Amino acid sequence: MRPLLEGLRRIGRYPSALVGLAIILALVGTAVFTVVTIPYGQALELWRGGETWRMHPVNARPAWVDRIAGNNLPQTIIVSSDDAPITEEPFVGGKRLRIPLEFDFDYGGFPSELNLFLTSSHAEREPFVRLTWETPDGRQLNLGGRRPAREERVSISQDWELERRLGRVPHVGLFAAPGDDGPPEVLDGRYRLVLDAITFEEDARIGADLVVYGRVHGLAGTDHQRRDLMVALLWGIPVALAFGLIAAVGTTVTTLVIAAAGVWYGGWVDAVIQRLTEVNIILPMLPILVMVGTLYSTSIWVMLGVVIALGIFSAGIKMYRAMLLPIRESPYIEAARAYGAGNARIILRYMIPRILPVLIPTFVTLIPTFVFLEASLALLGLGDPVLPTWGKVMNDAQTQSALYHGFYYWVLSPAALLMLTGLGFAMLGFALDRIFNPRLRTM
Amino acid sequence: MNAPARDMRGSAAGPVLSARDLHTWFELRQWGFLRVGSVRAVDGVNFDLQAGESVAFVGESGCGKSSLARTLLGLHQPTRGEVVFEGRPLGMLNSAERKAYLARVGFVQQDPYGALPPFMDVRRILHEPLIVHGVRNRAEREQRAQEALEEVRLSPAADFLSKFPHMLSGGQQQRVVIARALILRPKLIIADEPVSMLDASVRVEILQLLRSIQREHGLTLAFITHDLSTVRHFAERIFVMYAGRIVEQAEVNELLNHPQHPYTQALLAAISDPDPDNARHQREVPPGEPPSLLKPPDGCRFHPRCNRMIAGTCDRQDPPDFEPRTGHMTACWLYR
Amino acid sequence: MAGEPLLRVEDLRLHYRSGSGVVRALDGVSLDVRRNEALVVLGESGCGKSTLAKALMRLLPRNVQHFSGRVLVDGVETMGYPEERFRREVRWVRLSMVMQAAMNALNPVIRVGEQVAEPLRVHRGWSARRARARTAEVFGMVGISADFLQRYPFELSGGMRQRAVLAMALVTEPDLVIMDEPTSALDVLTQASIMNALKRIKQELGTSFILITHDVSTSSEIAERVALMYAGQLVEFSDARDFFRDPAHPYSKLLMASVPRLHQEETPVHIPGQPPNLLDPPGGCRFAERCPSRFDRCDRDPETFRIGERRTVRCWLHAQESGT
């Protein structure tokens, strides 16, 4: 195996290989980090969506995009009653509470939504809460009263009555500077939502979380289900790498062994392998995968299995066969036969190692093609139903008409990661090709 | 038809290896199934090799000498006739016995670089035959590998064990090939043109090495060559092959000094010793080229090129072996 | 012989880059070939003899690091010729070449006749018909029947293919044909027959030959002068008679003694050791390490001494004889 190691040592002379290797290592590092910090189960849980994400904005763009554009769009602000200076006045059979939820708002845009999450620990009688909105310029708006259940979401943004009063959707109207004409402008300063509550039980408690949903979120933004895209982008890395690697290893190893066996035994074994390959080559892979996905299962493992199964008798067999044919006739194989080496030994120990160095570049460049295949399947709606992957993100983006709505980051970030993966493996693969395929090497 | 050659030194035991009416034909097919004929690479060969002797099979390319070597090694199945090793025909051996036979016969090939797997180091190359033949103990294998390297004068052995073939010179590569042939402690070594791919300056060295190992261990050495000028120094008997058959056999000096078959005579006449006078005259060369083994000529296969051809005999009937001089056999009608 | 030789080479140097450094494949080679003369360049593999052939034909590898010296054809310096002029006036016009293993480099899908006629069509712009007639003639000279013109290379035996590439080198009637190991891969009878053809051609056409080979015996079939190379340098350049009968350089002596002879009882000797690495050749005489007659002067690079009329030797042992 020394030539292999020598070849690998020569990578250092090719800057492109180093760049490719750096990209791959970065991806692998991130993948490991992801799997450790967001375990598999948790990732599936997160990606299923729902209440976990209630405090995230819908379709927020990545924060850094806004930073570059210089728009200073709002981030999400969460004001919790736990941090608020609550004043309590007990009376017989209950107490009176005043919960001021204060926050500073000085962004170049309005929030995307405004929700208040109330929790109440009453036993039988619901408390009563009255909401008052105080703007920096001292205006006070009565947002009405509620009798919250144990957990209650007060969707201020969807308060139609309030909207009618303000003449604008509440999350704009409440933050707009006074004035009727022209587009609304944000009034900077300190806002306050005051909760005046009366409980009818002495030990009942009231908690409140005011969420002022931003228009930007994190590094990746969020999707239509408030999910942080970062989860999918990060988890897409291990999924893509594993899929690509397993598929590439699976197809290459089996193909190689089968091709070598065909070459070695020749005769009808070779003929059967060749005919199978020829039939298999003209079978269209994608439609078969679509069929399996539609009729059977879209689990990524099933797809992986089908991809490998279809990849075994691929054009690679023809290529390996052409490479192995002269090796079968080479004197060292004859010498091995002359000292009594058996067929399996000759195939596995004498024929295959001979072409491995030449295959390594092909193998490396094969990995991203399987990554792309997986993404394509997901984009076609045949992605794994539970796993967060890049293809799934793009599939969501497509069904939500992301580009039409200007959510280009939704498509671009998974696409960029796909391209980066392809680039990394391609740069490394092409450099390896120059190292291991001396015919291409210029002296 | 051909009487087996008598051992001239009269060894008590039987021959180590014999060929009996050995034929190796390769079927030629068109489009994979239509039989269009057979290449008669080995076509009726008989001989006995005695323990401890060194013999040379001499002939031009395409005379069947390499096919003969491979048939002896069991790499080709004989079409007819048999190879007999220590009294047992190869065809009768079961697979375990066949494997055991392969351990008794070492093979040295022509192209030393090609004969060594380029991805294995010398250690691995020498361990391989031992692994194949069930030597499980690594220390023992290492020990034997070192011994084999010392045997072929690659010392200190430790320096060579971790080298890869491309790091060795042609001569060193061929020594490793010989070490590999020796490592199973064979009784017989078949060397197919062991030096023809090597530099002239190394050839003698390798031939001497083979010869001294052969003498030391009392091995039988069958070496196949096209180079008559070296044969004298490394073989005791010569078999001259032409078109799949042995046409002449004798002890080395007898054959070189008194060639009987017109083909042998032509071969010897064509060989130049370095002499400035060579440039002054044309050499006698028989016309034409060796015949196609697909359709060899009737009768004596050399007759179309022979200037002493007896019309009506040589072109009709296969010549049997005659013994024009004691211990000197030739298949030529001239000695009827 | 008076006057300017057909080919004169002075201090030819060719160094090329390799993965591990600069290989000094030719390091100051000077020789000459006269009209109708056969010069044999002998040497072990890796001594630079094939590089010499390619350098003369200016078929240089791409990784040349240094190429210098003088190459005079009929007294005219050609080193300065641009490639196009060299191709038009020298290569395949004055000098042609049979490359090593050229017989295996014939295009398998083109008829042999067409391939052999190619230089005529390219260099002389002859019609196919005229070129074919000439090719048939040359085929006769090298001993192939004109029937073979229409065959494909795989239908020819090795000997026939070698004759065909020889015909290709002769077809433009060059003054000098350089042949790199033309018979090494062939059988004894074929070798002898091709050497016969060369002798005949030399006599009939007056062509000069440079035969590059490691095979001392076969080279004696045609040699009139012998140039022996070692590690990129010419160590002896002698009349063939002197060289074969009484070699001067210690390396020549050992080489001659290592040649197996059919009618000789003694076992040929072998030359111990290996040639030096051309990446970093030793400072003094390059043969010193293997030389039985080594003495202290050998640490310095020997000059080339002239001995008598017909011999030069690059060895300190001959400093006295040459009178320098």
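The questions below go from a helix pair to a loop residue and then to a sheet.

Mentor: This is a predicted model, in which local features need pLDDT of at least 70, side-chain atom pairs count only at pLDDT 80 or more, and totals for chains, interfaces and linings use all residues. Residues are numbered from 1 along each chain as its sequence is written, chains are lettered from A and ligands numbered from 1 in the order in which they are written, and side-chain values use heavy atoms, with hydrogens and water left out.

Trainee: Are α13(A) and α4(B) roughly parallel or roughly antiparallel?

Mentor: The axes of α13 (residues 343–382) of chain A and α4 (residues 122–132) of chain B come within 13 Å and cross at roughly 165 degrees. Axes are lines fitted to C-alpha atoms, for helices over the stretch in contact, with angles from 0 to 180 degrees between N-to-C directions; helices are DSSP runs (H or I, at least four residues), as are strands (E, at least two), numbered from the N terminus. Angles over 145 degrees count as roughly antiparallel and those under 35 as roughly parallel. The angle therefore makes α13(A) and α4(B) roughly antiparallel.

Trainee: Which residues of α4(B) meet α13(A)?

Mentor: Contact means heavy atoms within 4.5 Å. From α13(A), the residues involved are A:Arg345, A:Arg349 and A:Tyr350. Their counterparts in α4(B) are B:Arg124, B:Glu128, B:Ile131 and B:Val132.

Trainee: Is B:Leu116 buried or exposed?

Mentor: B:Leu116 sits in the loop between α3 (112–115) and α4 of chain B. It touches A:Tyr332, B:Ile125, B:Pro165, B:Gln173, B:Val176, B:Val177 and B:Arg180, leaving aside residues up to four places away in sequence. Buried means under 20% relative accessible area, exposed over 50%, and partly exposed in between (1.4 Å probe, protein chains only). Because its relative accessibility is 1%, B:Leu116 counts as buried.

Trainee: Which are the edge strands of the open sheet in chain C?

Mentor: The sheet has four strands in the order β2-β1-β4-β5, with antiparallel pairing; two strands pair if DSSP finds at least two bridges between them. Ten bridges join β1 (residues 7–18) to β2 (residues 21–33) of chain C, and eight join β1(C) to β4 (residues 64–73). Each edge strand pairs on one side only, and these are β2 and β5 (76–77) of chain C.

Trainee: What is the bridge partner of C:Tyr16 in β4(C)?

Mentor: β1(C) and β4(C) run antiparallel. C:His15 stands opposite C:His66 in β4(C). For C:Tyr16, the bridge partner in β4(C) is C:Val64.

Methods:
Parallel < 35°, antiparallel > 145°, perpendicular 65-115°, else oblique.
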